[in-house]
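Please consider the structure shown below. The paragraphs that follow lead through a helix, a pair of packed helices and a loop residue.

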Amino acid sequence: MAGKVMWVTDIEKSVLINNFEKRGWIQVAENEDWNFYWMSVQTIRNVFSVETGYRLSDDQIVNHFPNHYELTRKDLMVKNIKRYRKELEKEGSPLAEKDENGKYIYLEPCGKAQGKGIFLINKLSQIKKWSRDSKTSSFVSQSSKEAYVISLYINNPLLIGGKKFDLRLYVLVSTYRPLRCYMYKLGFCRFCTVKYTPSTSELDNMFVHLTNVAIQKHGDDYNHIHGGKWTVSNLRLYLESTRGKEVTNKLFDEIHWIIVQSLKAVAPVMNNDKHCFECYGYDIIIDDKLKPWLIEVNASPSLTSSTANDRILKYNLINDTLNIAVPNGEIPDCKWNKSPPKEVLGNYEVLYDEEMAQSDGPDRDLRSRSGQSTGVKGNRARDSGKPVLTTWK
Amino acid sequence: MLDPDSGLSLTIARIVQRLKGSSLHSQLERQARGNWEKRILKSLNSMCTELGIPLAQKRPVNEQKELLNKWNEMGTDEPDLSLFRPVYAPKDFLEVLMNLRNPNYENGEQLSFRNHLGLIQVPLKVKDIPELKEDFSELGLNIGQLGIDDSAQVPPEFFENEHVRVGQKVLAEQDSAAAQQYVRQGCPTALRADLWALILNISNQPEDILYYEQLKSNVIQHDLLVDSLIYKDVKLTASNDDYYFVFEDYLYQVLLCFSRDTSVLEHFTYSSATPPKSYIRGKLGMEEYAVFYPPNGVIPFHGFSMYVAPLCFLYHEPSRLYQIFREMYVRFFFRLHSISSHASGIVSLCLLFETLLQTHLPQLFYHLREIGAQPLRISFKWLVRAFSGYLATDQLLLLWDRILGYNSLEILAVLAAAVFAFRAVNLMEVTSLAAAEAVLADLSTLKVMPLLQIFLFATVT
């Protein structure tokens with residue numbers, strides 16, 4: 001006799017709780033029997049740590065992979081990409097390049113999301129000075145508390161209306177081996193409310209360079225109706241209208257490709273625990289040549305809503321996520337094949353399905369349509385002659 | 001044309017009657033228009049007096065320098081606009097239109113008009129659905145359309161690919177007339193900017209860029225009261241819009257220049273309106289000291305910036321954006337906020353809308369009238385703004401494709417009626433104006449081409 005799903009959450013957000021309640025699920029405490037636990041990343045660490053020896057049963061599902069940090073911590077992602085690149089091409093260009101051209105270097109403490117602890121430094125010498133002052137001895141610190149990673153920061157971002165923006169896309173992974181991932185069609189652009197000028201004096205103005213909504217909220221110009229956000233379909237319409245259809249399609253194809261490659265790179269080292277799924281927030285920036293760059297991957301994308309539209313979007317995001325991760329809203333059985341029927345995808349589209357790709361063979365390429373991202377990407381071979389991961393700078 | 005049975009003399013009599021009627025119309029029109037224009041100017045002048053700000057003044061040099069530096073980011077400026085109010089809003093204008101009257105009841109052709117129960121009481125001639133079907137024949141059910149036949153479910157080989165190919169050819173040959181015909185079936189997004197420029201004859205020559213730079217320097221040197229009105233309008237409308245907030249700065253750059261563009265005055269020769277005049281201080285009434293104010297003769301109203309906003313999706317160079325907007329204004333938009341009997345004028349559009357609704361959805365029309373929700377009260381703002389800010393941008397652009405293609409704004413009235421038809425079931429159940437407004441508050445999910453097609457070609461009349 002199927003009972004009701006018992007749920008626990010560390011994150012007290014209405015977009016989550018409303019979704020649980022609308023399914024008639026029952027809230028329980030963490031120490032009771034539960035079927036579904038929306039954990040914070042601290043909890044997942046405890047649950048799967050060697051000391052606790054926690055064992056999940058077949059009717060329990062959690063929303064993180066135990067070692068998601070292989071993807072979401074930049075230094076580890078860098079490591080995995082490097083390994084992956086070597087596997088693919090036996091190339092050896094390091095990711096954190098020493099650039100003497102005055103390119104901005106973007107320093108972000110790993111493991112701290114939402115724009116806290118983010119600051120910008122120009123010129124490598126300044127970085128070295130800072131490194132020395134902060135008692136870390138190398139560029140890439142392996143300190144357990146905070147590891148600062150230098151990622152190349154582009155100074156020719158695509159500007160729209162003279163404003164800088166980044167792209168937030170949601171990607172759901174239900175299994176890493178075989179890799180099965182879904183892209184949420186309704187991503188959005190986050191615009192900087194203050195004008196972008198690359199002059200050095202502006203560097204101190206954090207609002208100019210950073211787009212994380214959490215920081216923008218406290219900037220003077222923050223607007224509560226649109227929250228400085230644009231839908232991806234607006235972006236597509238603008239780019240098609242001003243740049244043309246082919247380059248726009250290419251941009252979106254490359255974005256999908258970057259995401260799939262990042263997941264493939266970490267798939268071999270991920271603990272592909274059958275009790276887990278994960279919804280990532282990908283932050284991507286586009287340069288003025290319409291090339292996308294990955295900034296970072298978030299394991300806990302913010303579920304706070306800054307506007308009414310935002311609340312609706314995030315509510316639907318969780319709804320569609322749960323429909324895929326917990327089929328029919330019933331007590332889960334982790335032995336299932338994690339292959340939901342097409343009808344339940346909602347606003348998700350299959351981004352990459354390794355099983356299907358392998359059985360199908362060559363590329364299955366859906367037409368790009370205005371307002372819709374392209375669908376399944378098969379085993380995409382880049383035959384342009386350029387090294388496979390030049391986008392990984 | 002001439003009906004052999006009724007005889008030539010009868011036809012001539014009808015024509016004379018019509019002319020008589022129309023000259024009376026134009027007399028009343030002129031009066032109404034004159035009153036309206038006086039009212040607007042009076043409002044502007046009194047704001048000017050109240051606030052103690054001159055209509056125009058030269059900017060001090062340091063202010064000029066500052067503005068020049070900030071030219072690309074005027075949106076970050078936060079001037080105190082609390083004391084400024086829009087000179088008028090669409091609903092004020094509607095009140096004026098409602099009070100236009102024609103006392104000529106004897107004309108036989110007005111008979112049908114006597115049964116007109118809408119807000120507009122001027123018996124202008126408007127088209128009926130058979131005539132509209134003919135005029136808009138390219139929107140017919142058997143003809144491919146962008147906005148319908150390019151949806152994801154339709155294979156592109158069916159229509160889209162060929163249509164794109166034809167569009168590229170039209171552009172390659174720089175054929176303006178062909179372009180106008182072509183866009184009746186919609187513009188592919190990648191070709192739209194160039195097609196519209198071709199139809200509007202905008203070529204972006206060096207002298208055009210120079211002209212724009214000249215206007216820009218006028219802005220830098222002189223401060224106009226209307227500048228504050230423009231700021232306020234942008235801050236109230238486009239800055240809060242999900243689609244257009246991104247382009248706030250471009251809107252200032254276009255509209256401030258627009259106010260100073262005296263070439264816009266030329267459109268008054270074919271518009272029936274007159275540009276407002278103001279007098280150099282101390283020389284009131286002396287014609288040699290009269291100047292047009294603002295220099296382009298157009299006083300912006302609440303929502304004016306929304307004429308420019310959608311164009312920002314197509315053009316990202318300020319001078320090109322400017323030229324396209326200016327041409328769109330002098331060809332089309334000016335008709336939406338001035339009183340005339342032109343078929344694309346706002347009065348005719350309102351009447352067309354009401355007539356379509358009353359003729360083809362009489363039950364709905366009477367019901368709404370009964371509950372104090374005259375349909376035009378709700379749709380007027382859509383018409384004045386050419387639906388900008390009400391439709392999703394991609395849909396709006398498909399609609400404006402057809403405005404350019406047919407060189408007429410009548411499609412706005414048809415769409416307004418089609419929207420009411422689409423939501424008729426819900427509207428029949430409401431019992432107040434507020435509830436009716438609520439049913440029609442959100443048009444952002446509507447697909448305009450299917451609505452238009454169904455209303456014109458697939459509704460049993």
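Buried means under 20% relative accessible area, exposed over 50%, and partly exposed in between, with a 1.4 Å probe and protein chains only. The model is predicted, so local features need pLDDT of at least 70 and side-chain atom pairs count only at pLDDT 80 or more, whereas totals for chains, interfaces and linings use all residues. Residues are numbered from 1 along each chain as its sequence is written, chains are lettered from A and ligands numbered from 1 in the order in which they are written, and side-chain values use heavy atoms, leaving out hydrogens and water.

In helix H10 of chain A, the buried residues include A:Asp310, A:Leu313, A:Lys314, A:Leu317 and A:Ile318. Helix H10 of chain A comprises 18 residues, 308–325, and should span 26 Å at 1.5 Å a residue; its end C-alpha atoms are 26 Å apart, which agrees.

In chain B, the axes of helix H15 (residues 375–384) and helix H17 (residues 410–422) come within 10 Å and cross at roughly 135 degrees. The contact (heavy atoms within 4.5 Å) involves, among others, B:Ile378 and B:Trp382 of H15(B) and B:Ala416 and B:Phe420 of H17(B). Its residues divide into 9 nonpolar, 1 polar and no charged.

B:Glu78 lies in the loop between helix H2 (61–69) and helix H3 (90–98) of chain B. At 55% relative accessibility, B:Glu78 counts as exposed. B:Glu78 and B:Lys235 are 157 residues apart in sequence and 9.8 Å apart in space, C-alpha to C-alpha.

Conventions. Helices (H or I, at least four residues) and strands (E, at least two) are DSSP runs, numbered from the N terminus. The expected span of a helix is 1.5 Å times one less than its number of residues. Axes are lines fitted to C-alpha atoms, for helices over the stretch in contact, and angles run from 0 to 180 degrees between N-to-C directions. Ala, Val, Leu, Ile, Met, Phe, Trp, Tyr, Cys and Pro count as nonpolar, Asp, Glu, Lys and Arg as charged, and the others, Gly among them, as polar.
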